[in-house]
Amino acid sequence: MSEIATDPAKKFNIDTVETAAATPEVELPWAELGLKQNEFDDVVKVLGRRPTAAELAMYSVMWSEHCSYKSSKNHLRQFGAKVTEEMKKDMLVGIGENAGVTNLGDGWAVTFKIESHNSPSMIEPYQGAATGIGGIVRDIISMGARPVAVMDPLRFGAIDHPDTARVMHGAVAGIGGYGNSLGLPNIGGEMVFDSVYQGNPLVNALAVGVMRHEDIRLANASGKGNKVVLFGARTGGDGIGGASILSSESFDDTKPSKRPAVQVGDPFAEKVLIECCLELFKGSLVEGIQDLGAAGISCATSELASNGDGGMEVELTSVLLRDPSLTPGEILMSESQERMMAVVSPANVAAFEAVMDKWAVEYSWLGEVTDTGRLIIKWDGAVIVDVDPRTVAHDGPVYDRPYARPEWQDALQADTFTGSVHDGGRPSSADELKAAVLELIASPNMCSKDWITNQYDRYVGGNTAMAFPDDSGVIRVDEETGLGVALATDANGRYTFLDPYHGAQLALSEAYRNVATSGAIPMAVSDCLNFGSPEDPDVMWQLAEAIRGLSDACMVLGIPVTGGNVSLYNQTGSTPIHPTPVVAVLGKFDDVARRTPSGWAEDGQAIYLLGTTANDMDGSEWANLRGHLGGLPPAVNLERERELGEILINASRDGMIDSAHDLSEGGLAAALVESALRFNTGARVALDEVAARDGVDTFTLLFSETQGRAIVAVPRSEEVRFNDMCTARRFPVSRIGVVDAAGGALDLQGLFTAPLSELREAHEETLPKYFG
Amino acid sequence: MTETPLIGGAFQAPVDSRLAGARIGVVTFPGTLDDRDAVRAVRLSGATAVELWHADTALADVDAVIIPGGFSYGDYLRAGAISRFAPLMAQIIDAANSDAKLPVLGICNGFQILTEAHLLPGSMIKNDHLKFLCRDQVLRVENNATAWTNAYAAGQDITVPLKNQDGQYIADEKTLDALEAEGRVAFRYVGRNPNGSRRNIAGISNAAGNVVGLMPHPEHAVETGYGPAHTGTDGLGFITSVLNTLLGDK
């Protein structure tokens with residue numbers, strides 16, 4: 001297939017294994033490639049000689065923080081350890097593969113995963129965000145699944161900072177430009193503005209795919225004599241060293257521009273690649289498959305070979321190139337997008353080629369699986385890599401980074417909002433409370449996100465049962481039975497900053513609650529842990545605490561972590577971002593027709609508040625608006641979350657509720673306004689009784705962020721049954737109002753009436769005002 | 001040319017043998033996205049969906065053709081400019097212009113392809129606000145005498161999703177005047193013009209009324225719960241219309 005006519009052997013001074021053995025004195029640029037002295041020494045020890053230039057390239061990218069999880073591995077083990085037999089019941093594929101796979105029943109399986117693409121999105125927001133979608137979607141294809149939806153949790157700097165518009169426009173357009181072109185509905189996500197993310201925006205991407213059980217594919221190269229093929233886009237100079245240099249160090253001004261390390265995406269190539277792979281799976285034409293993401297061919301060959309049962313031998317000059325001047329090391333490190341590697345038995349070669357030709361996808365046969373236990377890479381016949389693939393892919397360095405509770409943590413936690421100077425003039429009169437509600441719903445974090453989500457296709461595929469701004473995105477999997485899945489992602493960096501252990505648990509609590517609010521049964525977790533530098537003991541403590549908290553909470557809620565990603569070094573100079581563990585929870589519907597939307601629709605239905613409210617203002621959106629961050633986040637009550645979840649799921653299944661919305665950031669005030677604006681249907685609400693029951697003032701009832709709460713709309717005919725169910729479970733519930741379709745307003749009785757048009761204007765004008 | 005759905009089990013609508021006998025082709029180009037949705041819309045209406053591949057050289061005895069939305073060939077050139085030269089397009093152009101007047105519906109990228117193929121006049125450029133826009137859109141049925149609109153009442157408002165980047169319909173004034181005069185404006189946007197289209201035009205037909213193109217997506221509004229909130233199924237009328245045409249009821 002190669003069209004490159006030049007004699008590759010003449011292009012470079014090739015550093016062969018033979019040369020390396022004979023010239024131990026040659027100086028190699030290991031430091032520039034991101035390796036530390038002890039890591040380079042380890043490479044030499046593993047090989048028994050100095051590495052060749054190509055081997056050095058491979059080890060440097062595969063042993064980078066991004067690929068090896070060297071700082072977090074010791075802590076991440078808890079996700080695999082804190083798992084009961086009950087939690088494993090539905091797990092078909094666990095952590096360690098490209099993405100975990102969960103059993104949905106009826107022969108269906110679902111795979112989902114969330115990843116970061118933070119640093120590329122800071123440098124080049126459009127391409128960074130676009131290729132973030134591309135990479136996570138290829139992870140899903142690699143499992144044998146058809147991708148069915150994507151989601152994007154985003155965190156940018158202050159809304160009024162001049163650089164935020166650059167990142168916002170680029171990242172949102174990139175997510176839309178790439179995702180929309182793949183035919184994948186974007187069904188949700190998050191958008192948070194906070195100056196801590198000014199120099200380090202977070203662009204996380206989640207993809208979910210579905211498959212029949214028999215179609216599950218794993219990344220391994222087995223069967224001596226099977227052929228190794230690289231297909232999809234050609235290999236170019238983009239993204240070289242991205243994994244090792246970009247993602248594993250902090251930005252500072254002393255280094256040259258890293259723009260060339262960002263990859264450029266081609267969504268059309270990816271769309272064709274998706275269809276082409278699904279046709280390969282349908283015909284059972286591949287034995288093993290692996291996407292090319294971070295570390296490109298280095299990662300794909302070493303992971304396929306080490307997960308298989310033998311070795312692999314490939315000829316690197318067979319790789320199709322966009323740029324014929326690339327060196328072997330660059331080819332091994334290139335992160336060009338839209339590429340896949342597969343292992344094909346000789347009997348299927350012709351059929352494989354026919355599928356490639358049908359979709360006009362380029363491919364080249366690189367070599368074959370061997371039984372030597374070695375990964376051998378040749379350049380025009382000369383051996384330039386001869387390694388045990390496990391040493392590259394799995395046996396990288398592991399660090400027990402020192403960590404300690406920061407000295408300032410106690411003072412931070414002692415600085416509570418209530419009674420602070422920021423709490424001065426707390427709204428109490430009717431007019432003040434109305435102004436406060438309007439201020440809250442217009443604020444950057446609580447305002448309508450339509451400006452973003454209207455740039456994403458939520459309809460394509462025809463299986464989107466719910467999407468943003470509902471609590472979860474809901475996708476139908478089986479058209480005949482209505483079997484489907486719900487997904488929600490959540491994180492609160494402020495909560496986690498105040499208390500990393502509980503903050504991570506609160507992220508899980510909210511995602512779990514969102515899934516249950518939509519009526520789905522929570523089943524599995526994927527997480528994207530966005531933190532600062534692990535070399536800072538304060539940050540390392542945050543990471544260790546967050547992982548410990550999250551894994552403990554997963555045990556209590558009985559849902560396993562099936563995969564995820566760690567993104568470290570998110571800091572500018574010595575200032576890290578807030579620790580931001582983004583937690584995605586996947587739930588299951590037997591029939592998505594039973595889903596519960598977040599908005600009121602039917603006149604006369606009763607509105608109930610589930611749960612009780614305490615004075616949880618620390619870390620809240622209101623405190624944030626007043627410039628305060630201190631104290632302790634809302635108390636975690638996982639048992640309460642589970643009980644609330646059961647009520648919401650049962651009520652959905654038995655038709656007792658027609659709408660449900662969880663209470664989280666912005667508290668009851670935000671939930672009431674969002675429920676009213678969803679379908680433009682107002683309500684009359686009375687708060688005195690609940691405020692008296694809980695012993696809080698009206699302001700606290702409206703703005704506190706106590707966990708384990710939701711509001712639901714109950715048809716009159718179901719009120720008795722619904723109340724009985726809550727009473728039988730001893731779950732606090734109170735009737736706070738009634739849906740009023742004709743009123744056209746949110747009427748908080750005895751306080752104020754806000755016309756829906758006024759609320760909508762406040763809620764929807766913020767993002768257009770800043771971003772056009 | 002399989003006729004099984006790609007996701008989920010086979011769904012069977014109540015079978016009317018006359019309807020099932022109607023074969024409606026759905027064309028897939030590399031980069032087409034809404035082909036499954038168009039197939040589902042056909043299936044839900046009771047007709048038989050026939051999947052057509054852009055490189056096919058024959059129309060497989062279909063009675064009508066839908067060219068669905070997406071980004072064929074990535075739309076890296078002008079949208080639809082490459083797809084227009086697919087082997088199957090030559091067949092579609094001939095059949096649409098023949099005495100048999102094959103009904104052809106172009107949705108979004110399909111509409112762009114039909115203008116590139118000169119089956120419909122005018123062209124689409126980038127939305128005036130320069131962003132991709134996805135939202136529920138109200139359309140007014142201006143002409144209910146075409147092969148794809150006869151199930152609607154003239155002047156009826158329908159709600160279907162709109163989602164595109166290059167949705168601004170343009171043509172020279174003379175062409176626009178002719179379209180208006182000949183009643184070939186099939187749909188107009190109601191309310192705020194979502195993309196700057198000339199004279200709020202959302203869709204047009206050819207003179208014979210067998211070829212219709214529009215930017216919004218009726219195939220995303222065919223099933224309760226999976227389309228625009230509350231209404232949801234206004235798009236089914238497109239398929240009902242063409243079945244009326246094929247079965248001679250209109």
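This is a short tour of a predicted model, stop by stop.

Residues are numbered from 1 along each chain as written, with chains lettered from A and ligands numbered from 1 in the order written. Local features need pLDDT of at least 70 and side-chain atom pairs count only at pLDDT 80 or more, while totals for chains, interfaces and linings use all residues.

**Confidence.** The chain A average is 93, and 96% of the residues score at least 70. Now select residues 1-6 of chain A: pLDDT is below 50 here, with ten contacts beyond near neighbours in sequence. A contact means C-beta atoms, placed from the backbone, within 7 Å. Next, take residues 242-259 of chain A, also below 50 but with 44 such contacts. Where pLDDT is low, predicted coordinates should not be read in detail.

**The A-B interface.** Show both chains. Here 28 residues of chain A contact 30 residues of chain B. On the chain A side, H10 (162-182), H12 (267-282) and strand E14 (464-466) each give two or more residues. Helices (H or I, at least four residues) and strands (E, at least two) are DSSP runs, numbered from the N terminus. H12(A) gives the largest share, four residues.

**Helix H10(A).** Select 162-182 of chain A. H10(A) has 21 residues and reaches 31 Å from first C-alpha to last, close to the 30 Å expected (1.5 Å times one less than its number of residues). Of its 21 residues, 15 are buried, so H10(A) is largely enclosed by the rest of the structure. Buried means 20 or more other C-beta atoms within 10 Å of a residue's own, all placed from the backbone. Finish on A:Gly183, which follows H10(A) and has a positive phi, near 75°.

How values were computed. Contact = placed C-beta atoms within 7 Å. Buried ≥ 20, exposed ≤ 12 C-beta atoms within 10 Å, placed from the backbone. pLDDT = per-residue confidence, 0-100.
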